Amino acid sequence: MKEVILIKNGELALKGLNRRTFEDMLVKNMRRRLESAGKFNFTIAQSTIVAEPMDEFADFDEAVSRIEKIFGIAGFSRAAAVEKDMETILRSAEEYLAPQLLGIRSFKVEAKRSDKKFPLTSPEICRETGGYLLRKFPHLVVDVHNPDLIVTVEVRDNYAYIHGTQLKGAGGMPTGSAGRAAILISGGIDSPVAAYMMAKRGLELIAIHFASPPYTSERAEQKVHSLLKQVSKYSGRITLYVVPFTETQEQIKDNCPEDIFTVIMRRMMMRVSQIIAQREHAGALITGESVGQVASQTMPAIACTDAVCEMPVFRPLIGMDKDEVVAISRKIDTFDISILPYEDCCTVFTPKHPKTRPTLDYVEKCEQALEVDRLVKEAVEGTRFIHINAY
Amino acid sequence: MEAYFDNSATTAPCCEAVKAVADAMTNCWGNPSSLHRSGNAAKELLDSSRESIAKCLSVTPEEIFFTSGGTESNNLAVMGAAYQMRRMGRRIVSTAVEHSSIDETLDKLAEEGFEVIKLRVDSYGRINERELYSAVNSNTILITMMLVNNEVGTIMPVQAAKRAAMAARSPAIIHCDAVQAFGKMPVKPVSLGVDLMTVSSHKIHGPKGVGAIYIRKGVKIKPRTFGGEQEKKIRPGTEAMPAIAGFAAAARALPDPQRELEHIRMLRDYMVEKLMELDEIVINSPPDALPYVTNISVLGIKSEPMLNFLSERGICVSSGSACSKGKKSHVLMQMGLDRRRLDSPLRISFSRYTTVQEVDALIQGIAEGKKVIRAVK
């Protein structure tokens, strides 16, 4: 008896002729993500991917916890792969599922038979298995409507697979299937959540962070590394671009009216980010903005920011409440990192009374005091990058 | 150049301590409670270490109990004394500027029904002795006061605690948190009239993870941990021998505090004089503070960018508080400083290794930082 992971892909099945491409991408992602957990072999058959450890050094539990976070997977199960022989199936089910069956009261059996040469039909497999388990575990009852555990027997080409209730996968689309986009990340609660949400829709991520030493510290950048490391458990490897932003911020502080600092700063960030995104073949920017959350995220302020953007800006949190965002950040374990108290680029020169309804005319007029092109060019040129990967 | 001015946070271990730790781990790693040769050697090391600490405080070795450090000693002292004395009364008198390991323990006791009084301080972090006298009544079971404030260096009138207790005919146990004073000024529990005293190793160039509590002979407190005969059941658990040996070695290596103090005072005066040549700098520490700690505010420049700027140049200072965004130092707030001073504190703390060259580098760093860093309104 060998333990494997059975993976059911989600929306993929809907994608018609593209399905094969999507599946290949998912397998490629899984292969990459599981690489450091040991040797696993992947096979695809009838919209199920089987991940099979190739030697005893493969860390099966670790692989399961990684697969849980890979987008494009609707559900998965740990399963026993056994010889296609009813006697073996019954004994293996007893042995393999005993720890689970001992802790519950009711169960039912489901069977799938894709190998039509197997002598028993699906209902017969169910009956045999159910009866056998009832004899071996007399405390159990069968409940077909609301069982504590669904025992599944899948008879496929090479093996029969036995498993309990299927676990929920991370959902979404395989990373990379929707192209590549750049997340603007400061270190707060929102941007990692936005990154996670867009990665879920199949986007491969690069990240852009603005650093303003000495106003921001090395720890603030370290914090961004930690956040992205956590996000990369879902999205796969992320390349982080760190943009030197001190001079831009000081120039804004010295030359522009205080009430408009933040909007001008965000426009500068967008300008720099677009250039980096284009250079790295990313097709969109992603931000963690939500309408009305702070002064720079009012509708007029966002309009002023977007006026400098030539590529789409995805704002997956745009209609979410803070507590909804916090709930996701807790789920993906970024919350506790986000609340570390380091000054970030967004809070350096926060104005006391920011303009909540800036007009584009006013912003553009104020911006004339800046050498926009030079500042953007120097910021892009000074940018360094680092690869971030959780595994 | 490297210049380290955060000695109130921790100090560089001295070579004596490093050697003692390594020696204890290589040659004397036995369990002091074991009854064989290896255990006996460790027991001897433990005894001699205890003697070294006792000698520094002019007390007997039987009155010294090793712990994991200042925080544990403070927790043990405050809770241990309060629970021991709970039948005698319920009032505890302390100050509003104690270290959080005292402050938060007191809050916990207040939740449990003890009546905790935290004496206010003036703009130099000093308490009013008269207020101390009126706060202590016959119902008072514990008075706890730090000897030197960790953020501004203010020296507290600890010896008044005993007098206040006697005047009020109170049975109070007197505790003193001497973490920032130990090794830097003469510290004698007996002449200060205290029953319990906290000291820590890593503030005197010893290893981290070890400290001690002095418990005057005859004074009883309740332990906080259980499960062994070690440290006379006051603090059970196998003794952290390498750390304890390092602590003792660091204590033996301490120079005469009085003589060292004069040197440090000269250095402090030199620094203050130079700082005064720059504008927009206020000294938050009182003139008679322990000269090892000087708290200043660089008006208009927030602590964090200045700290980062100096750190970039190899100069380590702290902002005094836990460097948290929006969270101001509770000590400076208690001192009633205005917002401009609260936004911009720097704590500069010396050790016996601090040099004039380092001070010069610091002054130059602050001067440059003032020029480069944009001020906030």
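Trainee: Quick one before we look at the sheets: when do two strands pair?
Mentor: Two strands count as paired if DSSP finds at least two bridges between them. Keep in mind that this is a predicted model.

Trainee: OK. In chain B, what order do the strands of the seven-stranded sheet come in?
Mentor: The order is E2-E8-E7-E6-E5-E3-E4, in an open sheet with mixed pairing. Strand E2 (64-67) and strand E4 (115-119) of chain B are the edges, each pairing on one side only. From one strand to the next, the twist averages 20°.

Trainee: What holds paired strands together, in general?
Mentor: Strands of a sheet pair through backbone hydrogen bonds, and they can be parallel or antiparallel.

Trainee: Which helix lies across E2 and E3 of chain B?
Mentor: That's helix H3 (residues 70-85) of chain B. H3 also lies across E5, E6, E7 and E8 of chain B, and runs at about 165° to E5(B).

Trainee: And the three-stranded sheet in chain B, what's its order?
Mentor: E9-E10-E12, another open sheet, with antiparallel pairing. Strand E9 (281-283) and strand E12 (345-349) of chain B sit at the edges. Neighbouring strands there are turned by 30° against each other on average, ignoring direction.

Trainee: How many bridges join E10 to E12 there?
Mentor: Strand E10 (residues 293-298) of chain B is joined to E12(B) by five bridges. One bridge pair to look at is Asn295(B) with Arg347(B) in E12(B).

Trainee: I was looking at Glu280(B). Where does it lie?
Mentor: Glu280(B) is in the loop between helix H9 (257-277) and E9 of chain B. Leaving out residues up to four places away in sequence, Glu280(B) touches Val298(B), Leu299(B) and Gly300(B). Glu280(B) and Leu299(B) are 19 residues apart along the chain, yet their C-alpha atoms are separated by 5.3 Å.

Trainee: Why does Glu280(B) count as partly exposed?
Mentor: Because Glu280(B) has 13 C-beta neighbours inside 10 Å. A residue needs 20 or more to be buried, and 12 or fewer to be exposed.

Trainee: Zooming out, how many helices and strands does chain B have?
Mentor: 13 helices and 12 strands. The radius of gyration of chain B is 21 Å and the globule rule also gives 21 Å for 377 residues, so chain B is as compact as a globular protein of that length. The C-alpha trace of chain B spans about 65 × 50 × 35 Å along its principal axes, and 50% of the residues in chain B are buried.

Trainee: Switching to chain A, what are its domains?
Mentor: Domain 1 is 2-170 and domain 2 is 180-388. Taken over C-alpha atoms, the centres of the two are 43 Å apart. Six residues of domain 1 of chain A are in contact with six of domain 2 of chain A. On the domain 1 side, the largest share, three residues, comes from helix H1 (residues 19-34) of chain A.

Trainee: And how many residues of chain B are in contact with chain A?
Mentor: Nine residues of chain B, against eight of chain A. The chain B side has three nonpolar, two polar and four charged residues.

Terms used:
Residues are numbered from 1 along each chain as its sequence is written. Chains are lettered from A and ligands numbered from 1 in the order in which they are written. This is a predicted model: local features need pLDDT of at least 70, side-chain atom pairs count only at pLDDT 80 or more; totals for chains, interfaces and linings use all residues. Two residues are in contact if their C-beta atoms, placed from the backbone, lie within 7 Å. Ala, Val, Leu, Ile, Met, Phe, Trp, Tyr, Cys and Pro count as nonpolar, Asp, Glu, Lys and Arg as charged, and the others, Gly among them, as polar. Domain bounds come from an automatic or database domain assignment. Helices (H or I, at least four residues) and strands (E, at least two) are DSSP runs, numbered from the N terminus. Axes are lines fitted to C-alpha atoms, for helices over the stretch in contact, and angles run from 0 to 180 degrees between N-to-C directions. The radius of gyration is taken over C-alpha atoms; the globule rule is 2.2 Å times the number of residues to the power 0.38.
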